[in-house]
Structure formats: C-alpha cells, structure tokens
Amino acid sequence: MAAVSVAPLSGSGQASSGAHAPREIAKFRRKLLAWFSVRKRDLPWRRTKDPYRIWLSEIMLQQTRVAVVVPYYESFLLRFPDMQALARARAEAVLSHWAGLGYYSRAENMLRAAQEIDARHAGRFPSEYKAALALPGIGSYTAAAVLSIAYEKPLAVLDGNVARVLARLGAVRGELRAPAVWRKLEVTAQELLSRKTPGDWNQAMMELGATICLPRSPKCGECPVAHWCQARKLGIAEILPNARKKRAAIKVTLAAAVLLDPSGRTLLVRRPGDDGALFSRMWQFPAIETPAGASLNLARHLKEIFKVKVTAGQMIRLTAARHTVTFREIRLEPFLIRVKRLPKIAGARTPFLGRFGKLAVSSATRKIAGSAIAHSQNPARIGTQRSS
C-alpha cells in the first residue's frame, strides 16, 4: 500500500505501509461528508433510491458531462419510467430517446440488461455484486455505484474523478491506469469508504473530483480535506496525476449523400459497415469513409450499394462539418443530390429533410441535414459548389 498511501491518515505525516489510523480516517470521513451534505449539486438522480434511475444516470454519465445528461435523463424517464417499461421497449424507440447523447452501445446494452433483469431478477436491479456485474454493459465501477447508492452496499467506486482525488491525497506519481497502480487505488478507496453511508461517501468523493479537485487548476483553497493532501503540501497538486497517454487521433473523412426529391423528402438507411462506429444502429444518410476523391467514391458507393446512378453535375458540395467520436476526428463531407424520385430500398425511411420525428438519428446525421437545409434556404451565401 505504500505507493498509494494517504500519508497524513497514518497519523505520522509520513507514508506508511500499514493500515491508516482509524481516528484520522474518521475525521477525514466526517469532513468530507459534512461538506457534501451542504455543497452537493441538486441533481435529479440524487433525489431517489430507485436503482433503475440511479443505474440510468450512471450509464448516461459515462464520458458525458452532467449538464448534457440532465435533460436526456428526464426525457428518457418520461418515456421509460421503470425497468419493465424499458424491458418491453423496441430498440428503435430506445435509440430514438438516446439520439444525440452519443456512445449508442450504452443504450443497446441497457435494453439488453433490462430484459435480463425483467426475466431473471423479477424486474429489479440485482443487489448482489456478482449478479450486477454479469449484466450487459455493467463494469465494476457501475456495479459499485448502483449498489452502494441504491442499496447501501459497502462497495467503493473508482472512476477518473475518484482516482485523481486519491492520487493527490497520496502524491501518487505515474500512470494511474497502469494495472498495478489502479489495483492499489482500489484498495485505498475501499479502506477509506464509510461503511455506514457508502452511497453518500462515493458520491462525495466523485463530487469532490468533479467540482474541487479538478484536472487543471484544482481549487485547493476550497477543499474540505486539504489537510490530508500530500500533493498540496509538496506543491505538486497541479501536476498530478501524470498526464494519461492518449491514443493518437485518427482523422477520417466521411462523404454523405443527401438525396432530395421534389417534395423535400430524403433517404435514410440503417446499415452496418465501415461507418458503424459513427452511426451505430441509427438512421443515416448513405455514406462512405473516403481518404480522397469524396464525390467520386460516394457516387460509386451509391451505384454499387443502392443502385443509384448520379453524375458529377448532380452533386452539390455542401458545407463540411466536424464531428468527434472517441479517438476519431471526423470531417463530414455532405453532398446534396436532387433526384426525380428516391430509390426504393428495403427497410429504408424517406422523411422530409430535417423532420425526422421519432426516428433514431445521431448528431452527425443532424449536422449533415443542417448543411443541406442551410443550402436550400440560401444557396448563394453558403458558398457551395458543384462537384467536379
């Protein structure tokens, strides 16, 4: 434990390989919990002990900011108010209510998990760790978060926020996600956990990391547990934890065809393929990843896959847009193609452009539609040109 020891909690002020002093740990817990009771943000999922709602919030909050999640959370619950409603839902409806939130595999896994919970656990999120961990899309963090908050199970959470707090408290150097270091952080988190109020404790640790112990410019002067922070005492809080090695960004160009008939209807398809990571199972414009020659490759794609023949003169290059998905930096290259009639594609949809209703479409598809709508409203100002 020495590598991740929170030194002042040992009672001596020096890093200790033994257990933390119970008296210091008790003071540490009281300080943090008192701060949390007063300073915690009023978030909708903190007003309930319903494991379904807590689970939903934890899944939505993965890699997504709180401000973005709140309206999606509330809207999702209006449509799927409980586990049974979600378990009975069609994938199309679930994805439609997730559209724009990104990382759509989260919604797909939630649906599968809800169906398992309904069938095997009488419609209630299981209260046992192993049973929770066996569900689709549930990892150790999510299982610990839901079980501690909903059922007061003594399970400590460890996510990026909590790991950063622990790293600064113990002046931990090196890559936190390295397996050996992460395991030691898990041990430390469990040692510090308040067994009496594990739900509040876990939320307090996460709140501290999200609002005070920030990745950059931590607010050490406002920290309720600054007395126990080794990084602050050493003057290295701002440089810890060490920067995580990020995967190099991959630049992708995606050419998309906005086929538009005289009535203003367009073609949306749902196809697995090279662009699946971007669109998942959402409705999309016909599109293809292309390193160069966007218009030529898109025309070939339309002919080979959709049996639609277009000429260069038909293709109007629209304003490009940028989109980011995990490590991909995507340049969306949309083309407006006016046709006398839309092709008949099995399973396709032909909504009016931009009026997608309840169809599950991603934010990338909406960006493409936005370029086409802007051109249609004022083609001269958009500065588009026909593809050569």
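Helix α14 is followed by Lys307, whose phi is positive, near 60 degrees. This is a predicted model, in which local features need pLDDT of at least 70 and side-chain atom pairs count only at pLDDT 80 or more, while totals for chains, interfaces and linings use all residues. Residues are numbered from 1 along each chain as its sequence is written, and side-chain values use heavy atoms, with hydrogens and water left out.

**The chain as a whole**

The chain holds 16 helices and 6 strands. Helices (H or I, at least four residues) and strands (E, at least two) are DSSP runs, numbered from the N terminus. Of the 388 residues, 48% are buried. Buried means under 20% relative accessible area, exposed means over 50%, and partly exposed lies in between (1.4 Å probe, protein chains only). Among contacts (heavy atoms within 4.5 Å) between residues at least 6 apart in sequence, 66% join residues at least 24 apart.

**Helix α14 and what follows**

Helix α14 covers residues 294-306, which is 13 residues. From its first C-alpha to its last it reaches 17 Å, close to the 18 Å expected at 1.5 Å a residue. The expected span is 1.5 Å times one less than the number of residues. The buried residues of α14 are Ala294, Ser295, Leu298, Ala299, His301, Leu302 and Phe306. They cover an arc of only 160 degrees around the axis, which puts them on the same side of α14; the arc is that of the directions from the helix axis to the C-beta atoms. An α-helix has 3.6 residues a turn, so residues three or four places apart point the same way.

Lys307 sits in the loop between α14 and β3. Lys307 is exposed, with a relative accessible area of 67%.

**Backbone exceptions**

Most residues other than glycine have a negative phi, and most peptide bonds are trans. Lys307 has a positive phi although it is not a glycine. Ala171, in the loop between α9 (160-169) and α10 (179-192), also has a positive phi, near 50 degrees. Ala171 is buried, with a relative accessible area of 19%. A cis peptide bond joins Leu240 and Pro241, with omega about -5 degrees. Pro241 is in the loop between α12 (230-234) and β1.

**Helices α2 and α11**

In α2, 9 of the 10 residues are buried, so α2 is largely enclosed by the rest of the structure. Its buried residues are Pro51, Tyr52, Ile54, Trp55, Leu56, Ser57, Glu58, Ile59 and Met60. They pack against α3 (66-79), α4 (83-87), α5 (91-98), α6, α8 (140-151) and α11 (198-211).

In α11, 11 of the 14 residues are buried, so α11 too is largely enclosed by the rest of the structure. Among the buried residues of α11 are Trp201, Asn202, Met205 and Leu208. The buried residues of α11 pack against α1 (22-39), α2, α8, α9 and α10. At 1.5 Å a residue, α11 should span 20 Å, and its end C-alpha atoms are 20 Å apart, which agrees.

**Two helix pairs**

Axes are lines fitted to C-alpha atoms, for helices over the stretch in contact, and angles run from 0 to 180 degrees between N-to-C directions.

| Pair | Angle | Distance between axes |
|---|---|---|
| α2 and α6 | about 155 degrees | 11 Å |
| α8 and α11 | about 130 degrees | 7 Å |

The angle of about 155 degrees makes α2 roughly antiparallel to α6. Angles under 35 degrees count as roughly parallel, over 145 as roughly antiparallel, 65 to 115 as roughly perpendicular and the rest as oblique. The crossing of α2 and α6 is right-handed. A crossing is left-handed if the near helix is turned anticlockwise from the far one by less than a right angle, and right-handed if clockwise. Trp55, Leu56, Ile59 and Met60 of α2 make the contact with Arg106, Met110, Ala113, Ala114 and Ile117 of α6.

At about 130 degrees, α8 is oblique to α11. α8 passes α11 in a left-handed crossing. Here the contact is made by Tyr141, Ala144, Ser148 and Ile149 of α8 and Pro198, Gly199, Asn202, Gln203 and Met206 of α11.

**Pro81**

Pro81 is found in the loop between α3 and α4. At 35% relative accessibility, Pro81 counts as partly exposed. Leaving aside neighbours within four places in sequence, Pro81 is in contact with Tyr52 and Arg53.
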